[in-house]
Amino acid sequence: MPRSLEDGHIKFTLLTTAPANPAAPTAAELNAGIDASCAILASDFTWGATDSDKVQEKALCTENNSNSLGASNFQAGVTPFRYFDATNTGQADAVADKVFAACKVKGTELWGYARKTAKKATDAWASGDECYLGQHVVVDEPQPPSSQGGYIKFRCPMEPQDSYPFITIG
């Protein structure tokens, strides 16, 4: 079986309203959302699991630490590029800047879904696609990047509320 390079293969979609079943969205629901695949900085895209909580449950006779795995933990954060009106008025382009517009207000609830397969990021969602992680998140305050230069962008940290690892799109 062939392997696939990751570059250009991460599909990322944001929904501003919850799908009917957040743990099993349909391709139609995702394709109607905001395709953020080409509007997010790749180098600090944070959308995945982190180490689970540990529970110390070793027996009296165990001489070393023998932790059990507790609650799962997830992380989320994106850095959307900004898009402005072509007439150079300094105003955001209402259509092209929709990813940042969805993420710019603290407390905003979003549902995000990421696919990382051999399909291209620009390929539409299809029934049967593997989504490596869907999450219901709450957005924190957008932050300026730590280094200046490059395109105008802001880091948008997010707090996962519910996470749905390795789900199949309906």
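Modeller: Of the 170 residues in the protein, 33% are buried, where buried means under 20% relative accessible area with a 1.4 Å probe and protein chains only, exposed means over 50%, and partly exposed lies in between. This is a predicted model, in which local features need pLDDT of at least 70 and side-chain atom pairs count only at pLDDT 80 or more, while totals for chains, interfaces and linings use all residues. Residues are numbered from 1 along each chain as its sequence is written, and side-chain values use heavy atoms, with hydrogens and water left out.

The protein has two helices and nine strands, these being DSSP runs numbered from the N terminus (helices H or I, at least four residues; strands E, at least two). A nonpolar core is a set of buried Ala, Val, Leu, Ile, Met, Phe, Trp, Tyr and Cys residues joined through side-chain atoms within 4.5 Å. The largest such core holds 21 residues, of which Phe12, Trp47, Val78, Leu110 and Met158 touch the most other members. At least two residues of this core come from each of β1 (10-15), β6 (73-78), α2 (98-103), β7 (109-116), β8 (130-139) and β9 (156-168), and the largest share, four residues, is supplied by β8.

Valine 78, with its neighbours within four places in sequence left aside, is in contact (heavy atoms within 4.5 Å) with Phe12, Ile40, Phe45, Cys103, Phe154, Arg155, Cys156 and Met158.
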